[in-house]
Amino acid sequence: MLLHLLEVLFALTVLVGVALVYVPAALILGGLAGVVAVERALPGPLPTSRKERRP
């Protein structure tokens, strides 16, 4: 839990630092970070059924 909090705090600090220099870049990085966060929160790929090969 603490590690996740530190990770979020670090990401926000980086985004604020980038926003001080160039706001559009911070918005792009924030969007990419959001996509990565959603991908990490989702479970793995769904299992697919294998088709048996015929000899």
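The following questions and answers concern a predicted model of one protein chain.

User: What limits apply to the model and its numbering?
Analyst: Residues are numbered from 1 along each chain as its sequence is written. Because the model is predicted, local features need pLDDT of at least 70 and side-chain atom pairs count only at pLDDT 80 or more, while totals for chains, interfaces and linings use all residues; side-chain values use heavy atoms, with hydrogens and water left out.

User: How many helices and strands does the protein chain have?
Analyst: Helices (H or I, at least four residues) and strands (E, at least two) are DSSP runs, numbered from the N terminus. By that rule the protein chain has 0 strands and 2 helices.

User: What percentage of the residues of the protein chain count as buried?
Analyst: Buried means under 20% relative accessible area, exposed over 50%, and partly exposed in between (1.4 Å probe, protein chains only). The protein chain has 55 residues, and the buried share of them is 2%.

User: Which residue forms a salt bridge with Glu7?
Analyst: A salt bridge puts a side-chain nitrogen of Lys or Arg within 4 Å of a carboxyl oxygen of Asp or Glu, and the structure holds 1. The pair links distant parts of the chain, 33 residues apart, with Glu7 in helix H1 and its partner in helix H2. Glu7 is partly exposed, since its relative accessible area is 35%. The closest N and O atoms are 2.6 Å apart, and the partner is Arg40.

User: Which helix gives the largest share of the lining of the largest pocket?
Analyst: A pocket is an open set of points on a 1 Å grid over the protein atoms alone, where a 1.4 Å probe fits, with protein on both sides within 12 Å along at least five of seven lines; lining residues have an atom within 4 Å of a point. The lining includes Glu7 and Arg40. H1 and helix H2 (23–41) each supply at least two residues. The largest share, 6 residues, comes from H2.
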